Amino acid sequence: MSISIADLIDLLGGADAAATLTGVSPDAIRKWRSSGAIPSRHWPAICAATGLNMGDLPRSAVESDIPSGATAALVLADGSVFWGRGLGAHGTSAPAELCFNTGMTGYQETLTDPSYAGQIITFTFPHIGNTGANAQDCEAAQVFARGLVVKEDITAPSNYRATSGLDSWLKRMNIPGLSGVDTRALTLRIRDLGAPSAVLSFPADGKFDLAALAATAAAWSGLNGLDLAVEVSCTQPYEWTGGTWSWAHGFATPETRHTIVAVDYGAKRNILRSLASAGCRVIVVPAASTAAEILRHDPDGVFLSNGPGDPAATAAYAVPAIQGVMEAGVPIFGICLGHQLLATALGGKTYKLERGHRGANQPVKDLVTGKVEITSQNHGFAVDEKSLPDGVEVTHVSLFDGSNEGIACKAKRVFSVQYHPEASPGPSDSSYLFKRFVDMLA
């Protein structure tokens, strides 16, 4: 479909109606006609009023009204454009879900969390990058997030552990970023309207095809129905031995008393370290491993890791494997995506949250003890408590929105939580869960 500027104005009900809708003067509408261009800030209103999408707008109608000093842009599926200064690697991200993270620290751990695959991260805390980057704080070998949005420009690192600045680290990781954005306004938009699809562009030549970027974002199917665990998982089994880090001693080398298999749906390194420090020999296997492939390691227990994407899609191969492990009577502990998959294997269902839980300050109540834990979380889907069958106990609940944060089935010796007890980044209130798991092992 190809239409002209005059056609657009007619579809809006004429010049006066177009001026009212977009909040400009009739003289501005006449300028649209004469210049053959419409400023990008008006595209969302035009598309909403006419039923058109960004791909329908004529390229000649698109004005690259780049603000002074802007070198990068975040373009949403509805045509909204957030301009800023580019950082990290030049290029244009793949379309992604735009989300926000409320953590004040641990940005490097957050960026390397595989659970952020398919997402562009907006940090609500304004000062991101001040402590630089180093190899020890990576939770995976690469960055699976598709872009980064921050408020303030990144400054030189001011931490004795830094080996590079965040900007140069992002360049090495080939991840584009954007600073100088009103992240408060962007966060409110996500909070009120849900997480939109978006594309982040930081072109080396400074040229933007905003209509094409918006059309790319609008054409993306989103995370619903998308299995991303297989994209971030390991491809071969391997053994993990290192323990958790301490300021005085660095990474520990703990003794092991039990063998567990960790199914890697997107496991963070600090989860594996926490299991090792709890006394476990950890064998990591790919996400699509069958029950037979898991049980051939003769584990005392099985751990189901965090990970990205829609749990209903990953469940197609994960649930039969989990059910096979339960039938063998092996104890199971799951977190995040692993929690959702365990609930599905027990007969429950999942659903997509409107805005998700992402940050290191999420309050959760333990219904067994009555205690409140401040937790680290990163998830956009949740378990539907009403779908859980008899025999499955709800153990934890979010104090933000009442959504499910934990389950247990004593008859099958399995339990799981929605949050990240390894706390990287975040508080260590929930580290007791690793001991609870080890206490279940034969």
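The largest pocket here has a volume of about 560 Å³, where a pocket is an open set of points on a 1 Å grid over the protein atoms alone, with protein on both sides within 12 Å along at least five of seven lines. Grid points are joined across faces, edges and corners, and a volume is the space filled by probe spheres set on the points. This is a predicted model, in which local features need pLDDT of at least 70 and side-chain atom pairs count only at pLDDT 80 or more, while totals for chains, interfaces and linings use all residues. Residues are numbered from 1 along each chain as its sequence is written, and side-chain values use heavy atoms, with hydrogens and water left out.

**The largest pocket**

- Its lining has 30 residues, and Gly106, Glu109, Asp137, Arg161 and Pro425 lie nearest the centre; a lining residue has an atom within 4 Å of a point.
- Two or more lining residues come from each of α5 (107–111) and α10 (269–277), with helices (H or I, at least four residues) and strands (E, at least two) taken as DSSP runs numbered from the N terminus.
- Helix α5 gives the most to this lining, with three residues.
- By class, the pocket lining holds nine nonpolar, 15 polar and six charged residues. Here Ala, Val, Leu, Ile, Met, Phe, Trp, Tyr, Cys and Pro count as nonpolar, Asp, Glu, Lys and Arg as charged, and the others, Gly among them, as polar.

**The cavities**

- There are two cavities of 30 Å³ or more, a cavity being a set of points where a 1.4 Å probe fits but cannot get out.
- The largest cavity has a volume of about 130 Å³. Of its 17 lining residues, Gly307, Pro308, Gly309, His379 and Gly380 are the closest to its centre.
- Strand β19 (372–384) gives the most to the lining of the largest cavity, with four residues.
- The second largest cavity has a volume of about 90 Å³. Among its 13 lining residues, Asn101, Thr110, Ser376, Gln377 and Pro425 are the closest to its centre.
- Strand β19 also supplies the largest share of the lining of the second largest cavity, three residues.

**The nonpolar cores**

- In soluble globular proteins, nonpolar side chains tend to be buried together.
- The largest nonpolar core has 31 residues, of which Tyr265, Val302, Ile322 and Ile332 touch the most other members. Such a core is a set of buried Ala, Val, Leu, Ile, Met, Phe, Trp, Tyr and Cys residues joined through side-chain atoms within 4.5 Å.
- Helix α12 gives the most to this core, with seven residues.

**Strand β7**

- Five of the five residues of strand β7 (residues 119–123) are buried, so the strand is largely enclosed by the rest of the structure. Buried means under 20% relative accessible area, exposed over 50%, and partly exposed in between (1.4 Å probe, protein chains only).
- Gln119, Ile121 and Phe123 cover one side of β7, and Ile120 and Thr122 the other.
- Strand β6 (residues 96–101) pairs with β7 in the parallel sense over five bridges; two strands pair if DSSP finds at least two bridges between them.
- Three bridges join β7 to strand β8 (residues 147–149), and these two run parallel.
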